[in-house]
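Subject: Structure handover

Hello,

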Amino acid sequence: MALRLRRPLVAGNWKMNGLRASAVELADIIDGARNLASTVDLIVCPPATLIAQFAAHALSLHSPVLIGGQDCHAQVSGAFTGDISAEMLKDAGAAAVIVGHSERRTYHKETDADVRAKAAAAWRAGLLAIVCVGETRAEREGGRARAVVERQLDGSLPDGAAPETLVVAYEPVWAIGTGLTPTPADVAEMHGSIRARLSSRLGDMGQAIRILYGGSVKPANANELLRVADVDGALVGGASLKADEFLAIAAACR
């Protein structure tokens, strides 16, 4: 299934959760997605151990649900124990990969240059790159939120970005897994800033690239968040582990 430009996109980041038995949740997502396929794109990003299984299952059912990875190495192959290349993700059936998530930037000390290299690797392998940006609480309280996100955008996006190859996900670090969410006005301001930055760099192409909001997105707040200007969908964490919650968030895009 080809992803449509500025069509809503909801991507689920399962993080380090899920065993083979979790295919039950995927099956429920696939079943529920049949009623949403005409209006919203869906991606599920399980742990690497489940990508091939999930991708094969979705393909066997001709499902519109795409499967993605949560990270990739910048190199095609090599002596990088424990890492997975973008080409390996593609070979396993993935259609997309998240890069630059705040947990990778924080716990693995990934720099903007690292994220840029991974996004370029995703494109090299034919994957959609979901590039994450976002500020910490200290950066927001210090009045530096926009400057931090603009710096991350400038440093994390390779040249040649296009709507078919890039999605930007804004995730305020202080809202991830905390239950806290910015106000709609805060989200509108940041997404507007990201849109302006993309347009400044890419011209008209910047208007076609989707910008997702992420950070404690739940069915209870999805309607409000997904109606903010320049919010083209959501990158969902914990709620994506439950089919009913993930589908409820996706339904809010209609």
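Buried here means under 20% relative accessible area, exposed means over 50%, and partly exposed is in between, with a 1.4 Å probe and protein chains only. The model is predicted, so local features need pLDDT of at least 70, side-chain atom pairs count only at pLDDT 80 or more, and totals for chains, interfaces and linings use all residues. Residues are numbered from 1 along each chain as its sequence is written, and side-chain values use heavy atoms, with hydrogens and water left out.

Cysteines

C45 is buried, at 0% relative accessibility. Its closest cysteine sulfur is in C132, 9.5 Å away, which is too far for a bond. C253 is also buried, with a relative accessible area of 16%. For C253 the closest cysteine sulfur is in C45, at 15 Å, again too far for a bond. A disulfide is a pair of cysteine sulfur atoms within 2.5 Å. The count by this rule is zero.

Pockets

The search ran on a 1 Å grid over the protein atoms alone. A pocket is an open set of points where a 1.4 Å probe fits, with protein on both sides within 12 Å along at least five of seven lines. Lining residues have an atom within 4 Å of a point. Grid points are joined across faces, edges and corners, and volume is the space filled by probe spheres set on the points. Helices (H or I, at least four residues) and strands (E, at least two) are DSSP runs, numbered from the N terminus.

The largest pocket holds about 630 Å³. It has 28 lining residues, with K15, Q70, D71, R104 and H108 nearest its centre. α2 (48-60), α4 (102-107) and α5 (112-124) each supply at least two residues of that lining. By class, the lining has twelve nonpolar, nine polar and seven charged residues. Ala, Val, Leu, Ile, Met, Phe, Trp, Tyr, Cys and Pro count as nonpolar; Asp, Glu, Lys and Arg are charged; the others, Gly among them, are polar.

The second largest pocket has a volume of about 250 Å³. Of its 14 lining residues, A55, L59, V65, L66 and G93 are closest to the centre. α2 and β3 (66-69) give two or more residues each. α2 gives the most, with four. This lining has eleven nonpolar, three polar and no charged residues.

Salt bridges

The rule is a side-chain nitrogen of Lys or Arg within 4 Å of a carboxyl oxygen of Asp or Glu. E87 and R124 form one, at 2.6 Å from N to O. That pair links α3 (86-92) to α5, 37 residues apart. E150 pairs with R197 at 3.5 Å. They sit in α7 (145-156) and α8 (184-202), 47 residues apart. E150 is buried at 18%, while R197 is partly exposed at 32%. R195 and D232 meet at 2.9 Å. Both R195 and D232 are buried. R6, R195, D230 and D232 are linked in a network of salt bridges.

Backbone

Which residues other than glycine have a positive phi? S216 is one, with phi near 55°. S216 lies in the loop between β7 (210-214) and α9 (219-225) and is buried at 12%. D230 is another, near 65°. D230 is in the loop between α9 and β8 (233-236) and is partly exposed at 22%. Most residues other than glycine have a negative phi.

Best regards
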